[in-house]
Amino acid sequence: MFYRILLMMLYATGLRRAELAHLKVSDVDRERMVIHVKGGKGRKDRDVMLSPKLLDELQRYFSGLRQQPERWLFPGNRWHTGKMPITTKVIWAACRQAATRAGLGDEIHPHTLRHCFATHLLESGTDLRTIQLLLGHRDLEETALYLHLTNPRLSATTSPLDQLKLAAFLAQDDE
C-alpha cells in the first residue's frame, strides 16, 4: 500500500522525487484542494492540484498507520515514524518494483510518471501554460520540449487553412 500511494502521488501531481519525499503534512491543503510544493527545483514554490481520489487514498493510507505523521507526509523508517522523510531511493524502488511486476522493463522510472501526468493533461485539453505552472518549469520552452504530441491529437487538429472560407476567393482566381 505504501508504494502504491507514492506512485499515485507522482502521477496525480507531477511532482519530482525530491519534492514528493519532502512534503510535509501541512503542505496538503484540503480546503483549497491543493498541495503546496515548497522549495522545488530552483527553490521555487508552487501549488499543484489535490485530486479528490488522491485525497481519499491518502486518508485510507493514513488510517492504516500505527502512528499518524506529525511533520513529514511520508516519514522514513520501516514503520513510517521516523524524524526524517523518506529518501528519493524509496520512491525509485517503488517505481522499479511496480514496473517489474507489470512487465514494463527497465525504461520506467519516477520521472516517467511526471511525463505521463503532463502528457495526459495536454491530451485532455489543458493549456501548455497551466502545465508549465504545475510542473514548475521556468520557461515555456522547457515544457514544450518536455511534452510530445500523440498521433491521435495531431490528426485531430484542424489546420487554420481549413477554417478559412476560400470559395469566394477561389472563384475570383479562376476568372
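Two packed helices are described by the angle between their axes and the distance between the axes. In the predicted model, helix α1, which spans residues 2-13, packs with helix α3, which spans residues 52-63, at an angle of about 160 degrees, and the two axes lie 11 Å apart. Because angles over 145 degrees count as roughly antiparallel, α1 is described as roughly antiparallel to α3. The crossing of α1 and α3 is left-handed. On the side of α1, the contact is formed by F2, R4, I5, M8, M9, A12 and T13, which meet L54, E57, L58 and Y61 in α3.

Attention then turns to the cysteines. A disulfide is a covalent bond between the sulfur atoms of two cysteines, and the structure holds zero disulfides. For C95, the closest cysteine sulfur is that of C116, at 9.5 Å, which is too far for a bond, since a disulfide requires a pair of cysteine sulfur atoms within 2.5 Å. Viewed from C116, the closest cysteine sulfur is in C95, likewise at 9.5 Å and too far for a bond.

How values were computed. Residues numbered from 1 in each chain as written. Predicted model: local features only at pLDDT ≥ 70, side-chain atom pairs only at ≥ 80, totals over all residues. Heavy atoms only, no water. Axes fitted to C-alpha atoms, helices over the stretch in contact; angles between N-to-C directions. Helix = DSSP H or I, 4+ residues; strand = E, 2+ residues; numbered from the N terminus. Parallel < 35°, antiparallel > 145°, perpendicular 65-115°, else oblique. Left-handed = near helix turned anticlockwise from the far one by under 90°. Contact = heavy atoms within 4.5 Å.
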